[in-house]
Amino acid sequence: MRSRSALPRFTSLLFLLFLPPIFSSRPQWILQRVPVVLPQNSEPRPAPHFLSPARLDVSSPCDPECHKRATQPSYWDLRRLLAYETLHSNGQLTETAIGIYGYQPNSTTSTAYSSRLSKKAAQSHVRRKRQIFGHDGRFSIAGQNFLLKYPFSVAVKLSTGCSGTLVGDRHVLTAAHCVHDGKNYVKGAQKLRVGFLKPKQRDAQSSSLSLPSNFTNRVEGGNAPYNPPTNDKMKFQWIRAKRTHVPKGWIKGNANDIGMDYDYALLELKKPHKRRHMKLGVSPPAQRLPGKRVHFAGFDNDRPGQLVYRFCRAGEETSDLLYQHCDAQPGASGSGVYARMWDGRRRRWERKVIGVFSGHQWVERQGASQEFNVAVRITPLKYAQICYWIKGNFVDCREG
């Protein structure tokens, strides 16, 4: 009886995910000219040691107010922070300097969006602690007709334990801490693999509404304990990474005092994955998002073998970070945070990756520990850099 009563809630979830919502005023992607970030000279670096295991969480002594008070980096600071290392699958490491062109120092975020924000909206902030408490708001996705359907199909698992998102024919966006601990590359980074969750053949005949029987308990907020479905019907198909790009802003000794602003990395696979990928987008202010809501799917450690989807309202934001309140566990870090808005040029609804879920942030405040849920925003400069890593040229990266 419980699963029948939950059907309307599940139908609403499907409507939210796959059908065009109705708005009196459509939230739109606003294309804008972005700066150019060009690689210059590359030099070899000493080979990494690959000794430490990957940490699936990050910590920082700086809370949102601390980030907002931080001094804005200069043009020369940005060139240093956006320089990057490339780890090759043969273990070789190179460091590449970059040049920045068409950059406006006083514009740290999207001018196209910020010019449309009201002063009241721009100044409104909400602070909450990040926890899973009460009823868990995550959804475990099961069944071939869901796992292989966009947008769930863009979520991938890294062999170091994190998640990632397909952003090109052979490119995966993830968090830098999934491959580099801030001092050196982690164990497994040299032979990094990317896993695509696929049902076994016997699951192919399952219904398009195939979900765990206790899925409805979580949708309805029931009191029954959550028992994850067994993963005997699931398997991963793995593809090796050919190159891994990590910005120098993440690496200790080169990062600013805050750190997390540059917790992103891009993986290039050895062969195309043959799945639909999600486009990149410059992160709009949270007030411009439909329902002020963000989405992401990843492989939380407490639900092994499952793809876990969630959506929630965004909270505070800085020029580089977005604090949101989605329930998540270690393993989900590296997931692409995305939004769905109207593309006026193509006349259709479009999902775009606007950030990378970094994970929990523990902050010591007045002797007490607080938790925040943090995503790294894709700023115009980060868009230009990541897009160049994907496309190999700046001509296709001038609008974001």
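A disulfide here is a pair of cysteine sulfur atoms within 2.5 Å. Keep that cut-off in mind, because the pair Cys 312 and Cys 326 meets it, with sulfur atoms 2.1 Å apart. One caution before we go on: this is a predicted model.

Let me start with the whole chain. The protein chain has 400 residues, and 54% of them count as buried. Its secondary structure comes to nine helices and 17 strands. Now the contacts. Take those between residues at least 6 apart in sequence: 78% of them join residues at least 24 apart. As for surface, the chain exposes about 18,100 Å². Carbon and sulfur atoms supply 49% of that area.

Back to the disulfides. How many does the structure hold? Three. In general, such a link is a covalent bond between the sulfur atoms of two cysteines. I will take them in sequence order.

Cys 162 is joined to Cys 178, S to S 2.2 Å. This pair links distant parts of the chain, 16 residues apart. Cys 162 sits in the loop between strand S5 (155-158) and strand S6 (163-166). Cys 178 sits in the loop between strand S7 (171-174) and strand S8 (193-199). The torsion about their S-S bond is about -95°, so this disulfide is left-handed. Both Cys 162 and Cys 178 are buried.

Next, Cys 312 and Cys 326, the pair I opened with. Where do they lie? Cys 312 is in strand S13 (residues 307-317). Cys 326 is in the loop between strand S14 (321-324) and strand S15 (336-343). The pair therefore ties together parts that are 14 residues apart in sequence. This link is left-handed, with -95° about the S-S bond. Are these cysteines buried or exposed? Cys 312 has 9% relative accessibility, so Cys 312 counts as buried. Cys 326 is buried, at 1%.

Then Cys 387 and Cys 397. Their sulfur atoms are 2.1 Å apart, and they form a disulfide. Cys 387 is in helix H9 (residues 380-391), while Cys 397 is in the segment after H9. The two are 10 residues apart. The torsion here is about -85°, so the disulfide of Cys 387 and Cys 397 is left-handed. Cys 387 is buried, with a relative accessible area of 4%. Cys 397 counts as buried as well, at 2%.

Ser 335 is in the loop between S14 and S15. Ser 335 has 0% relative accessibility, so Ser 335 counts as buried. What touches Ser 335, leaving aside neighbours within four places in sequence? The contacts are Ser 163, Thr 165, Phe 296, Ala 297, Gly 298, Gly 355, Val 356 and Phe 357.

Let us pick Thr 165 from that list. Thr 165 is in strand S6. Thr 165 is buried too, with a relative accessible area of 3%. The side chain of Thr 165 reaches the backbone nitrogen of Gly 336 at 2.7 Å. Again leaving aside neighbours within four places, the contacts of Thr 165 include Gly 334, Ser 335 and Gly 336. Val 154, Val 156, His 171 and Val 172 are also among them.

Last, the backbone. Most residues other than glycine have a negative phi, and most peptide bonds are trans.

Which residues does a cis peptide bond join? Tyr 150 and Pro 151, with omega about 10°. Pro 151 lies in the loop between helix H7 (144-147) and S5.

Phe 50 has a positive phi, near 55°. Phe 50 is in the loop between strand S1 (36-45) and helix H3 (64-69). At 15% relative accessibility, Phe 50 counts as buried, because buried means under 20%.

Lys 274 has a positive phi as well, near 65°. The place of Lys 274 is in the loop between strand S10 (265-269) and strand S11 (279-280). Is Lys 274 buried or exposed? Exposed, with a relative accessible area of 81%.

Note on methods
Residues numbered from 1 in each chain as written. Predicted model: local features only at pLDDT ≥ 70, side-chain atom pairs only at ≥ 80, totals over all residues. Heavy atoms only, no water. Helix = DSSP H or I, 4+ residues; strand = E, 2+ residues; numbered from the N terminus. Buried < 20%, exposed > 50% of the residue type's maximum accessible area, 1.4 Å probe, protein only. Contact = heavy atoms within 4.5 Å. Polar contact = N/O pair within 3.5 Å; in protein donor to acceptor, adjacent residues only side chain to side chain. Areas by Shrake-Rupley, 256 points an atom, 1.4 Å probe, with all protein chains shown as cover.
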